[in-house]
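User: I am new to this structure and would like to know what stands behind the words used to describe it. Please set each value against its cut-off.

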Amino acid sequence: MTKLSVEVVHDQDALLAMGPQWDALVARAGIEHPFLGHDWVRTWWECFGAGKQLYVLAVRSGEKLIALAPLMRTRTRIYGLPVRRVELIANVHTPRFDFIIAERADEVYAAILDFLQAQPRWDILMLPELAESSRTAPALQRLAESRSLHTGVWVAGASPRIPLVGSFDVFCAGLSSKRRHSLRKRMRRLQQLGEVSLEVVTDRAPLPGAMEDGLRIEAAAWKGEAGTSIASNGQVKRFYELVAERAARSETLRLLFLKVGGKRIACAYCLR
């Protein structure tokens, strides 16, 4: 079997040039969420990468790309001590992240850890936002412990999830009678104010105005006053605008507005 090799992508131009083979690998790996797609990762780097160093590890079998570890190098302090950290290209705006592995997973994990151990310029490897079903955490933990490396795991809060199977009536039938009554009551109150409708924005043409309204709505309640809304941070605002623009181009954007009397009153920023 062909020996695996690992190479590092340090340069942003090289990251941009990887788009087609990156997304082809994501498809081969069977990753169904958008947060490991090339558009998401390059947009994240453009908006949040200042002060960090790209450290994407590409694993090949001969000339064939079989895995990517989308990593970066950062410096921080832990309990006042300076720490050199290698971590996934993610932050609080990334719901899920991981390595991208299409084949030979056990060998890939070992090759990545071998490569990292041969590089002396880091202290901690941190892998946030791994899904509970991810193979990465248990695989690397086993390898690390077999090499007498210290490990630690913290568990993040669970993400709410609703299976979209069947009609809305079928979904409602599965709710408690109290919850169904509350939904009907709220709908009647909205209908007293005007016609209730749902608007779905998927195209680039109406996107600037739609994003402006969406960000205005998001900041209208406590987030705007607390300074935690998307629009209150230039980097964060640019990130969500760029993600929306690129998702519209790839036909994965679903910007949903609840309208009453023709006025947008609520917004859900979604990716399919």
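Analyst: Of the 272 residues in the chain, 36% count as buried. The model is a predicted one. The chain has ten helices and eleven strands, and its C-alpha atoms fill a box of roughly 70 × 40 × 40 Å along the principal axes.

User: What share of the contacts with a separation of 6 or more joins residues 24 or more positions apart?

Analyst: Such pairs account for 67% of those contacts in the chain.

User: Why is Thr-136 called buried?

Analyst: Buried means under 20% relative accessible area. Thr-136 has 0% relative accessibility, so Thr-136 counts as buried. Thr-136 lies in helix H5. Not counting residues up to four places away in sequence, Thr-136 touches Asp-98, Phe-99, Tyr-109, Leu-127 and Leu-130.

User: Why does Arg-73 count as buried?

Analyst: The cut-off is under 20%. Arg-73 is at 11% relative accessibility and therefore counts as buried. Arg-73 belongs to strand E5, residues 71–78. Leaving aside neighbours within four places in sequence, Arg-73 is in contact with Lys-52, Gln-53, Tyr-55, Arg-85, Val-86 and Arg-121. Between the C-alpha atoms of Arg-73 and Leu-54 there are 6.5 Å in space, while the two are 19 residues apart in sequence.

User: Which residues of H5 are buried, and what puts them on the same side of the helix?

Analyst: In helix H5, residues 136–146, the buried ones are Thr-136, Ala-139, Leu-140 and Ala-144. Around the axis they cover an arc of only 125 degrees, and therefore they lie on the same side of H5. The face turned away from that buried side carries the exposed residues Arg-142 and Ser-146.

User: What covers the buried residues of H5?

Analyst: The cover includes helix H4 (105–117) and strand E8 (124–126). Just after H5, Ser-148 takes a positive phi of about 60 degrees.

User: Which residues of H4 and H5 meet?

Analyst: From H4 there are Tyr-109, Ala-110 and Leu-113, and from H5 Thr-136, Ala-139, Leu-140, Leu-143 and Ala-144. By class, this contact has seven nonpolar residues, one polar and no charged.

User: Why are H3 and H10 called roughly antiparallel?

Analyst: The cut-off for roughly antiparallel is over 145 degrees. Helix H3 (residues 38–48) and helix H10 (residues 234–249) pack at about 155 degrees, with axes 9 Å apart. H3 and H10 are therefore roughly antiparallel to each other. The crossing of H3 past H10 is right-handed.

User: Which residues make the contact of H3 with H10, and how do they divide by class?

Analyst: H3 supplies Asp-39, Trp-40, Arg-42, Thr-43, Trp-44, Glu-46, Cys-47 and Phe-48. H10 supplies Gln-235, Val-236, Arg-238, Phe-239, Leu-242, Val-243, Arg-246 and Arg-249. The classes are eight nonpolar, two polar and six charged residues.

Technical notes. Residues numbered from 1 in each chain as written. Predicted model: local features only at pLDDT ≥ 70, side-chain atom pairs only at ≥ 80, totals over all residues. Heavy atoms only, no water. Buried < 20%, exposed > 50% of the residue type's maximum accessible area, 1.4 Å probe, protein only. Helix = DSSP H or I, 4+ residues; strand = E, 2+ residues; numbered from the N terminus. Arc of directions from axis to C-beta. Contact = heavy atoms within 4.5 Å. Axes fitted to C-alpha atoms, helices over the stretch in contact; angles between N-to-C directions. Parallel < 35°, antiparallel > 145°, perpendicular 65-115°, else oblique. Left-handed = near helix turned anticlockwise from the far one by under 90°. Nonpolar A, V, L, I, M, F, W, Y, C, P; charged D, E, K, R; others polar.
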